[in-house]
Amino acid sequence: MNRETFYDEWNNGKTWVEVQTSGSTGSPKVMRVLKSRMEASARMTITFLGLREGMTLVNCLPEKYIAGKMMIVRSVVGKMKLIQIEPSGNPLRAIDTASHIHMIALTPMQVYNILNDKEQRVLFEAIDNIIIGGGAVDEEMENELRKMHNNIWSTYAMTETLSHIAMRRLSGPKATLWYKPLEGVEISLSERGCLQIEAPHLVDGILETNDIAEIRDDGSFRIIGRIDNVICSGGIKLQVEELEARLHREVKHGSYAMTWKSDRRLGQALIIAYEGDEHLAEELKQASENHLGQYERPKDYVMVSRIPTTETGKIARSMLHEMVEKL
């Protein structure tokens, strides 16, 4: 889908449009969302960032996903100029350096490429507002972004809430690990300890996510990991993202991820799948010995041809488990 096709869909007289989920924890699916709710979501972002009529937005995300669609909707609702760029690993290369950009949405992979391109990094720092979503921002990237003075935000978002419902600042002295819900959004924890979202203008009822969270008294929250990425090994619950983050601080190169394999004794045995050679496996073993607890260490290290990812760059956890289970 391109911008013109989306405009046709937006103006076809129907009250809804179809969007596709990313498929990070299962098969991608198509769902219908109300246009009125997309407009409400757009207004939330416009208000939070202080955007005004006539400003310039850049969309460099695929329009078949909610993130790309919402950039177009924000330009329509806010009566702002939209520069449409073909999605790529470094989209800023396609932007006229004379353009003043008031907002852009990027993935962590795109940001990584931009930060390692001297010319594009200068343009990146000149953009007023940057929102980053579609994946985790690692510690090294956060340290780089904290040095910058423009407004850079990590977003908490999902297709079901029509883009983000909370943001946390990544740049400057006010950078934080805690997300602030946008206006009109109420949060709580379920019995499972997962984040619940109440936003009548976006979703019906209370939406329970699969994200294990911690909420502070001021209403801000942080995400610990996904409950469907909790591995129960011998009665010990292991949060995959947390363990991976600790390893990534020590082994910053190579492609690897944690998963599990059925085990008669443990139920689920923690496994590290990696691309490359045995040298990477040895580094991972050493880092695990030094930085993971006795019951947190993987039971095996398995070489795979690739770590499967979704179209949006997230680890396809279900597919990775299936790959490892067959080995």
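This is a predicted model: local features need pLDDT of at least 70, side-chain atom pairs count only at pLDDT 80 or more; totals for chains, interfaces and linings use all residues.

Trainee: What is the mean pLDDT of the protein chain, and where is confidence lowest and highest?

Mentor: pLDDT is the predictor's confidence in each residue, from 0 to 100. The protein chain has a mean of 91, and 97% of its residues reach 70 or more. Helix H1 (residues 3-10) has the lowest confidence, a mean of 81, and strand E6 (residues 129-132) the highest, at 98. Helices (H or I, at least four residues) and strands (E, at least two) are DSSP runs, numbered from the N terminus.

Trainee: Why are strand E11 and strand E12 called paired?

Mentor: Two strands pair if DSSP finds at least two bridges between them.

Trainee: What makes E10 and E13 edge strands?

Mentor: The open sheet has 4 strands in the order E10-E11-E12-E13, with antiparallel pairing. Strand E10 (186-189) and strand E13 (221-226) each pair on one side only, and they are its edge strands.

Trainee: Why is the contact between Glu208 and Arg192 called a salt bridge?

Mentor: A salt bridge requires a side-chain nitrogen of Lys or Arg within 4 Å of a carboxyl oxygen of Asp or Glu. For Glu208 and Arg192 the N to O distance is 2.8 Å, so the contact qualifies. Because Glu208 lies in strand E12 and Arg192 in the loop between E10 and E11, the pair ties together parts that are 16 residues apart in sequence.

Trainee: Why does the contact of Asp218 with Arg216 count as well?

Mentor: The closest N and O atoms are 3.8 Å apart, and therefore the contact between Asp218 and Arg216 also meets the cut-off.

Trainee: Why is Asp218 called exposed, but Arg216 partly exposed?

Mentor: Buried means under 20% relative accessible area, exposed over 50%, and partly exposed in between (1.4 Å probe, protein chains only). Asp218 has 58% and is therefore exposed; Arg216 has 37% and is therefore partly exposed.

Key
Residues are numbered from 1 along each chain as its sequence is written. Side-chain values use heavy atoms; hydrogens and water are left out.
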